[in-house]
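Me: I would like to learn how to read aromatic pairs and a sheet in a model, step by step. Could you take me through them?

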There are 2 protein chains.
Amino acid sequence: MPAERTREHTAPVAAARRRRLRADRARQLADLLRRQVLLQGFPAGLLPHEDALGADYGVSRNTVRQALDLLRAEQLVERVPGVGTVVVGAKYPHGLDRLMGLAETLHEHGRVTNEVRTMAPVPAPAPVAERLRLEGPNTDVLYIERLRRLDGLPLSLDLTYVPMDVGIELLNADLENTDIFRLLEEITGQPLGTAEITLEAVNADAHSAAVLQSPRGAAVLMLERLTHLSDGRPVDLEFIRFRGDRITMRGLLHRSV
Amino acid sequence: MPAERTREHTAPVAAARRRRLRADRARQLADLLRRQVLLQGFPAGLLPHEDALGADYGVSRNTVRQALDLLRAEQLVERVPGVGTVVVGAKYPHGLDRLMGLAETLHEHGRVTNEVRTMAPVPAPAPVAERLRLEGPNTDVLYIERLRRLDGLPLSLDLTYVPMDVGIELLNADLENTDIFRLLEEITGQPLGTAEITLEAVNADAHSAAVLQSPRGAAVLMLERLTHLSDGRPVDLEFIRFRGDRITMRGLLHRSV
């Protein structure tokens, strides 16, 4: 700190520095606790007392409180008077290692049901026609919009485009209770092959938030996925908004390819 | 619609239905345009006129406007009077197919620099000791906090824990300009092996948002990653907050394993 700085300036600067350090430590602690919360690592869903957490992590009680505030803002924990800090949120792991439908990947966690909001043939917009390799724009494509739930809780809003020759068979299928992936394999008689995916974090717009029963602006994990049959033909273009507070993506990356 | 419903009720219900349909169509269109925006698919970064987009996608001008509003809220496009709607945002693709450092994965897009906010030995918190397989909690571990930028723009805030025998060599390394992955391979003389990752979308807390120069509550892509050397030893535990408006994760998934 420069020597010419007067005492009047130094005190606020030092206070700001302390606040920054405490905020940094709170984030560090919150990141470590978050994982234990999500992996159900606290017996009976009850976090240790603030003093115990402070001692375990070598931080002040104020820092512990600030860390718990961060987890509370994410709706992962709640403070219950007379009880302490308890786990109230759960995120479900979606596999990133293998191409799987939602019901498949979450079968250990509960039952996936799908509310079909829209299902109808539409003229394919140019980018859809191109990616699904249709004969040209305005060729019909089946458009499906589903709100997907796990044991009744909204998880994701999925917009799906399927070429009409395959899509026609989906019109009478049990979409409420079955992953589209499974139906595509049944209809075409061949397994799926690969899917190109992109993942982004976005803030939910007002309408999507309302459908997902999230607060406006809530963080959404957005997945765009173009899925091919094993013969290479693209059959399923999806735009999926997962509620950020209910889903994590888990995978294993390799250094060499 | 039930027959007993009066005309006074029907009109608002029909209006609500029209609003919902328009909002649904706006989201559909926004999802299709988003990809073209991100892949720089519009010549000179200029989107077609609203009327042309309406004709191309078979939707009303109001729907087009609502779709462009969604992209504007994500800070991907802006309306410039006398010019039209122009692309103003860019997201950089981070590979999900191979374990790579940020400078490696983004080398075609610009230069990554790292502001080291903290670097010091700390007693390992219990969950860190466990995951890095240290002899016990309170064994020292090197803690590093970096704000990472691409061509000067903040991209991510990374909290990193490295076992001290390896970390000691990082203290004098060029962390400002070099990925930790590369340094770990140099120090240990062996390539990295695999990393377990989890990805989440969260809303940025006030302090993290300030460090990343994002609005409070901005969507953040959060990556937790435990990286192992090729001999299997865990050497690098990271908690990374990527700005949601600057990063996408791209990968290829396979149906069979």
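Predicted model: local features only at pLDDT ≥ 70, side-chain atom pairs only at ≥ 80, totals over all residues.

The dialogue below turns to aromatic pairs and then to a sheet.

Me: Why is the pair of A:Tyr161 and A:Phe239 classed as it is?

Reply: Planes over 60 degrees apart count as edge-to-face. The planes of A:Tyr161 and A:Phe239 stand at 90°, with ring centres 6.3 Å apart, and therefore this pair is edge-to-face.

Me: Which parts of the chain does that pair tie together?

Reply: A:Tyr161 belongs to strand β6 (residues 153–163) of chain A and A:Phe239 to strand β9 (residues 234–243) of chain A, so the pair ties together parts that are 78 residues apart in sequence.

Me: Is A:Tyr161 buried or exposed, and is A:Phe239 buried or exposed?

Reply: Buried means under 20% relative accessible area. A:Tyr161, at 1% relative accessibility, therefore counts as buried, and A:Phe239, with a relative accessible area of 2%, is buried as well.

Me: What does the pair of B:Tyr161 and B:Phe239 look like?

Reply: B:Tyr161 and B:Phe239 form an edge-to-face pair, with 6.2 Å from centre to centre and 90° between the planes. This pair links distant parts of the chain, since B:Tyr161 sits in strand β6 and B:Phe239 in strand β9 of chain B, 78 residues apart. B:Tyr161 counts as buried at 1% relative accessibility, and B:Phe239 is buried at a relative accessible area of 2%.

Me: Which residues do ring pairs link with A:Tyr161 into a cluster?

Reply: Ring pairs join A:Tyr161 with A:Tyr143 and A:Phe239 in a cluster.

Me: Now to the sheet: how should I read the order of its strands?

Reply: Strands of a sheet pair through backbone hydrogen bonds, either parallel or antiparallel. Here eight strands form an open sheet of mixed pairing, in the order β3(A)-β10(A)-β7(B)-β8(B)-β9(B)-β6(B)-β5(B)-β4(B). At its edges are β3 (92–95) of chain A and β4 (112–123) of chain B, each of which pairs on one side only, and the twist from one strand to the next averages 20°.

Me: How many bridges join β5 to β6 in chain B, and what packs on the sheet?

Reply: Ten bridges join strand β5 (residues 140–150) of chain B to β6(B), and the two run antiparallel; B:Leu147, for example, has B:Leu157 in β6(B) as its bridge partner. Helix α7 (residues 180–188) of chain B packs on the sheet, where it touches strands of chain B including β5, β6 and β9, and its direction makes about 170° with that of β9(B).

Definitions and conventions:
Residues numbered from 1 in each chain as written. Chains lettered and ligands numbered in written order. Heavy atoms only, no water. Phe/Tyr/Trp six-rings, centres within 6.5 Å; stacked < 30°, edge-to-face > 60°. Helix = DSSP H or I, 4+ residues; strand = E, 2+ residues; numbered from the N terminus. Buried < 20%, exposed > 50% of the residue type's maximum accessible area, 1.4 Å probe, protein only. Pairing = 2+ DSSP bridges. Axes fitted to C-alpha atoms, helices over the stretch in contact; angles between N-to-C directions. Contact = heavy atoms within 4.5 Å.
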